[in-house]
Amino acid sequence: MPVTLSPQIRILPGGEQRLLAGIGKLNPESLDAYQKAGGYAGLKRALTEKSPDEVITEVFAARLRGRGGAGFPVADKWRAARSAAGDRKIVVANLMAADPTSLGDRTLAEGNPHLVLEGALIAAAAVGASEAILAVRRDWTLAIARLKQAVTDAEAAHLAGYLMLGTDVSVQVSVWEGSGAYVAGEETALIHALQGDRGMPLIRPPYPAVQGLWGVPTVVHNAETLAHVAWIMGHGAAKFAAVGPEEAPGTKLVTIAGAVKSPGVAEVAMGTPLSAIVKLAGGPTGTLKALFVGGPGAGALAADELAGTGYDYAALGAAGAHIGSGSVLVTDASACMVATARFLLDYSAREACGKAVPCRIGTKRLVETLDRILAATPRPNDLVLLRELSMKVADTALCRLESLAPRPMLTTLDRFADEYRAHAERGVCLAGSCGTDAVPPLLEPLAEAGGLRAW
């Protein structure tokens, strides 16, 4: 049976092709096909050949870090949950697609659902959890159908559910459908939603691994992290750690979009130069200008930085960007950096849950300030205000949505300051893509006096 993925997903060549190897070749609705390709070997090894502590040690040896954005070491989270008090523990697979431009988790759920399920079962066995919840956006109808089918087939084969593989380990798996929201990418916000409450982040500690869903120890991972867990247990930590930088090895699913010839999803080795990632998508459609790496809270990198910057936590962090949701937005010379930053910041402002006042109000004030600059009607201190208010928003953040929201604006302000000045002082878009009016004469003396250049 041919594999059918959502029309939004295009699989690109790249990396080690580990997680995506079965997509397009195996029938995602067939348990038999998955097992013939080596599926559930990792689960069998975890249940019958290793103790839970040895499974955690294996994941630690692989140096696997969470692929959901923050990059927290997986083994550390598992150790905290395993040692936490309580008879009831839960594993949650986060497929809520916090960033709608990132298709990595959706690709896995639609094209290799058993891989996600196997990873969740291994995680549950390792931390001593008896429940696993696959939390999926309700508009991913194909992904939901295939995950539910995978759970049903795995239970019938005694790979999930009661006394898995004849051992004394039981993990009940359910598929939960929820409304997609950017803030749901934050684990405590998702936990709130699972409890029937409004999805809003919590102040930590306590961390979910100690006190999470319904007050019990809860491990939350995105689908890609769990897929890596299944691969590591099936092939060994040494093979996983042999690819990519030593401090954070393995591969990453990257969604490449924007001004490229073949947008889609590629699996790349961690540390791959950003310039090589753009080439995987056929290269830019025009003169490459900048990359926004990390989703709505992306950091912008100029074209001349790409060859020397690897796609990994340390290199991107040093450049002001981050792994984030795994999305890479490519822009060419026709893109206005001020307008692009405004678009991304406005999305974060609209998606804010409203709990933190600096986020709820501050992000909107930042958007309004950018609007004044784009309309060539700035106040004399607006460019200074952008930086000062951004720092206040980030420094008081309850979650990563808030702390990262100003980053597209701050990084473009650093790298493309001339575009901000041209908009603010002369009403000119250097990219030629904005229809701003000329700057009012009243502001010209202020500009000449340095009022707009004080930043």
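Buried means under 20% relative accessible area, exposed over 50% and partly exposed in between, with a 1.4 Å probe and protein chains only. This is a predicted model, in which local features need pLDDT of at least 70, side-chain atom pairs count only at pLDDT 80 or more, and totals for chains, interfaces and linings use all residues. Residues are numbered from 1 along each chain as its sequence is written, and side-chain values use heavy atoms, with hydrogens and water left out.

**View 1. Helix H18 (residues 417–426) is largely enclosed by the rest of the structure, because 7 of its 10 residues are buried.** The buried residues of H18 are Ala417, Glu419, Tyr420, Ala422, His423, Ala424 and Glu425. Glycine 427 follows H18 and has a positive phi, near 65°. Helices are DSSP runs (H or I, at least four residues), numbered from the N terminus.

**View 2. Helix H13 (residues 337–351) and H14 cross at roughly 155°, their axes coming within 9 Å.** The two helices H13 and H14 are therefore roughly antiparallel to each other (angle over 145 degrees). Residues in contact (heavy atoms within 4.5 Å) include Leu345 of H13 and Leu370 of H14. The contact of H13 with H14 has 9 nonpolar, 1 polar and 4 charged residues; Asp, Glu, Lys and Arg count as charged, Ala, Val, Leu, Ile, Met, Phe, Trp, Tyr, Cys and Pro as nonpolar, and the others, Gly among them, as polar.

**View 3. Helix H14 (residues 357–374) and helix H15 (residues 382–395) cross at roughly 160°, with axes that come within 10 Å.** That makes H14 roughly antiparallel to H15. Among the contact residues are Pro358 and Gly362 of H14 and Leu389 and Val393 of H15. By class, 9 residues of this H14 and H15 contact are nonpolar, 4 polar and 4 charged.

Terms used: Axes are lines fitted to C-alpha atoms, for helices over the stretch in contact, and angles run from 0 to 180 degrees between N-to-C directions. Angles under 35 degrees count as roughly parallel, over 145 as roughly antiparallel, 65 to 115 as roughly perpendicular and the rest as oblique.
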